[in-house]
Amino acid sequence: MTLALHGTGVSRGVAIGRAWCIEAAFDDVEHRTLAEAERDDEIQRYQRALDDVREEFAQVRRHIPDDAPPELPALLQVHEMILADPALVAQPMQLVRTRGMNAEWALAETAGMLVEQFDAMDDPYLRERKQDLMQVVARVRKALAGRSALRRIVHATPDEARILVAPDLAPADMLHFRHEGVDAPHAFRIAAFCTEFGGRTSHTAILARSMNVPAVVGTHGAMQRIEDDDIIVIDGDAGVVLVDPDEATLAFYRAKLDAQATERSTLNALTVRRAVTLDGRVISLNANIELPEDAYAAMDANADGIGLFRSEFLFMNRNELPSEDEQFEAYRTALVAMEGRPVTIRTLDIGADKTLQHDEAARPASDNPALGLRAIRYSLAEPAMFGAQLRALLRASAYGRLRILVPMLSCAAEIDAVLAHIAQAKNELIDRRQAFAPKVPVGGMVEVPAAALAIRAFTSRLDFLSIGTNDLIQYTLAIDRADSRVADLYDPLHPAVLQLISQTIHSGASAGLDVALCGEMAGDIELTDLLVGLGLTQFSMHPAQLPYIKRAVLDVHYGRAKLLADQALAQADARDIRRLLALVNATLKDDERRINEA
Ligand code: PEP
Ligand code: MG
């Protein structure tokens, strides 16, 4: 029977595939202290779990299909070696015997120590093996819980669509999947994501959108209800996950998949067109990227430029900071790929849900990381690191139209400090006789309410503004953007949010500054009319969203959208704004279609 799980759709589209359940290796481990008399049994239980996993590996080896990816046997061997390693066999048993830990706890403790050893390794290949260790540990955990782990490899065929199901995924994990595909058989294609936790604008959701695959988050209980290999449907539009769908449901979703493919090819036809409203207002559509090579996708979508390059992703999943030279190469790659179109690179925005691996152990965890040493605050606290990034950026400016964007600014003193660092970086490059562009615009993210309210500190010091609505909403409404329990309160249409966006657009324009919006609101077709009506002329979003927004812009009449925005700004309740938007949007669209057809 089909089982439906409801969550929040964070990346649109539909996917059908087999489930790939990734259990957190160490989270939520039960801690029990055992009496002396129980310890022998517990050791035997652990031994049986190891035996089960060994038998699973043996089965997999016996059933490797002829067309399996060539990496599979080698990977299996690595996993078998890890499973047989004395550290994983003897150490947990020792902890059960001497400290009375239950087997799960002893395994987690051992794995934690081993992970630290892996992290300290210099050799990147060996460091990478940490993922393998985590996978073996997850399998032993499943065996301890009496659940088989590896059926999926037996059944899997190369290039099969897999739907990744997990309690939660950190942005760093998502980045790993983007790079590598999912763990074992690399030939698997990740067709969609489903997590039990997370919010619409968490960085995990943002990365799912950047991979252009459907995703549903906040599907509480998914890990209990979905087994490896279950056929599931992810409907990212409706925020629904269907487990073991019946034939009629599958047929319905297959038809939706076909329609999706047809729609994409229709949208491709718009690639060469400029985004101009029905009454002639030109809207600049730019791309948000995480890695330099994403610039090629931006060019494919014919973006007017890069509106946001989140440079922090160059700093994640590694134990050391990227050097100035390495960063220079990355920034230059993006600039060269964009062939003279503007490239806005944001300085490091680390903190909150994005963490630096080498820093996690060194710095005490903050109780409120989103309000702590995040983004520009972090960079100003680490002047050597910030200086290296600024020099790398300035050196890259010689290869294209670079704009430097600074995250999470909140006051004039901070902006002055940033500008002083930039001046110093320029002097250092002059001393070194290294080239940089004579004028590199410096802009600020408006993502803290204080910035929007005291915007003159920004307009008098900076060259452009970019509204980061993901954080602006989080900080205005005091809603953690990654917490599914308060996701219903995270509301882009809250009157306070709309007022701040509107004020920023108008203050920037009056001061003659470019104002862009690079939060996820820019990629939401439901909001295009409203944003154009508020006076926004520069949008930045993931390349995959760009054709949809272009189609929406081509349908907007600015004059009417402005009336809609004025009415929306006059409301005191988000529900009224939502009703207004639905109503006016429907009427406008009908009228505009008539105008278009005429
Ligand atoms: C934002 O806050 O809107 C933004 C674009 O930055 P990030 O999502 O990386 O925090
Ligand atoms: Mg932000």
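## Terms and model

In this report, helices (H or I, at least four residues) and strands (E, at least two) are DSSP runs, numbered from the N terminus. The structure discussed here is a predicted model.

Ligand 1 has 17 residues around it. Those that come nearest are Arg310, Arg346, Gly468, Asn470 and Arg481. Sorted by class, this shell comprises eight charged, five polar and four nonpolar residues.

Several polar contacts can be described in detail. A polar backbone atom of Asn470 is 2.8 Å from an oxygen atom of ligand 1. The side chain of Glu447 has an N or O atom 3.0 Å from an oxygen atom of the ligand. For Asp471, a polar side-chain atom lies 2.9 Å from an oxygen atom of ligand 1. Taken alone, ligand 1 exposes 290 Å², and the protein buries 100% of that area.

Helix 19 gives the most, contributing three residues.

## The largest cavity

The structure holds three cavities of 30 Å³ or more. The largest cavity contains about 70 Å³ of space. Its lining consists of 15 residues, and the closest to its centre are Arg310, Arg346, Glu447, Asn470 and Asp471. The space taken by ligand 1 is this largest cavity.

The lining of the largest cavity divides into eight charged, four polar and three nonpolar residues.

## The second largest pocket

A further space to examine is the second largest pocket, in which about 1,500 Å³ of space lies. This pocket is lined by 50 residues. Those nearest its centre are Arg12, Arg200, Asp524, Ile525 and Glu526.

The elements that give two or more residues to the lining of this pocket are strand 2 (8-11), helix 10 (247-268), helix 19, helix 22 (546-554) and helix 24 (574-597). Helix 24 gives the most to the lining, with five residues. By class, the lining of the second largest pocket has 20 charged, 16 nonpolar and 14 polar residues.

Terms used. Residues are numbered from 1 along each chain as its sequence is written. Chains are lettered from A and ligands numbered from 1 in the order in which they are written. This is a predicted model: local features need pLDDT of at least 70, side-chain atom pairs count only at pLDDT 80 or more; totals for chains, interfaces and linings use all residues. Side-chain values use heavy atoms; hydrogens and water are left out. A residue is near a molecule or strand if one of its heavy atoms lies within 4 Å of it. A polar contact is a pair of N or O atoms within 3.5 Å; within protein, one must be able to donate a hydrogen and the other to accept it, and residues adjacent in sequence count only if both atoms are side-chain atoms. Accessible areas come from the Shrake-Rupley method with a 1.4 Å probe; for residues, only the protein chains shown count as cover. On a 1 Å grid over the protein atoms alone, a cavity is a set of points where a 1.4 Å probe fits but cannot get out, and a pocket is an open set with protein on both sides within 12 Å along at least five of seven lines; lining residues have an atom within 4 Å of a point. A molecule sits in a cavity or pocket if more than half of its atoms lie within 2 Å of its grid points. Ala, Val, Leu, Ile, Met, Phe, Trp, Tyr, Cys and Pro count as nonpolar, Asp, Glu, Lys and Arg as charged, and the others, Gly among them, as polar. Grid points are joined across faces, edges and corners, and a volume is the space filled by probe spheres set on the points.
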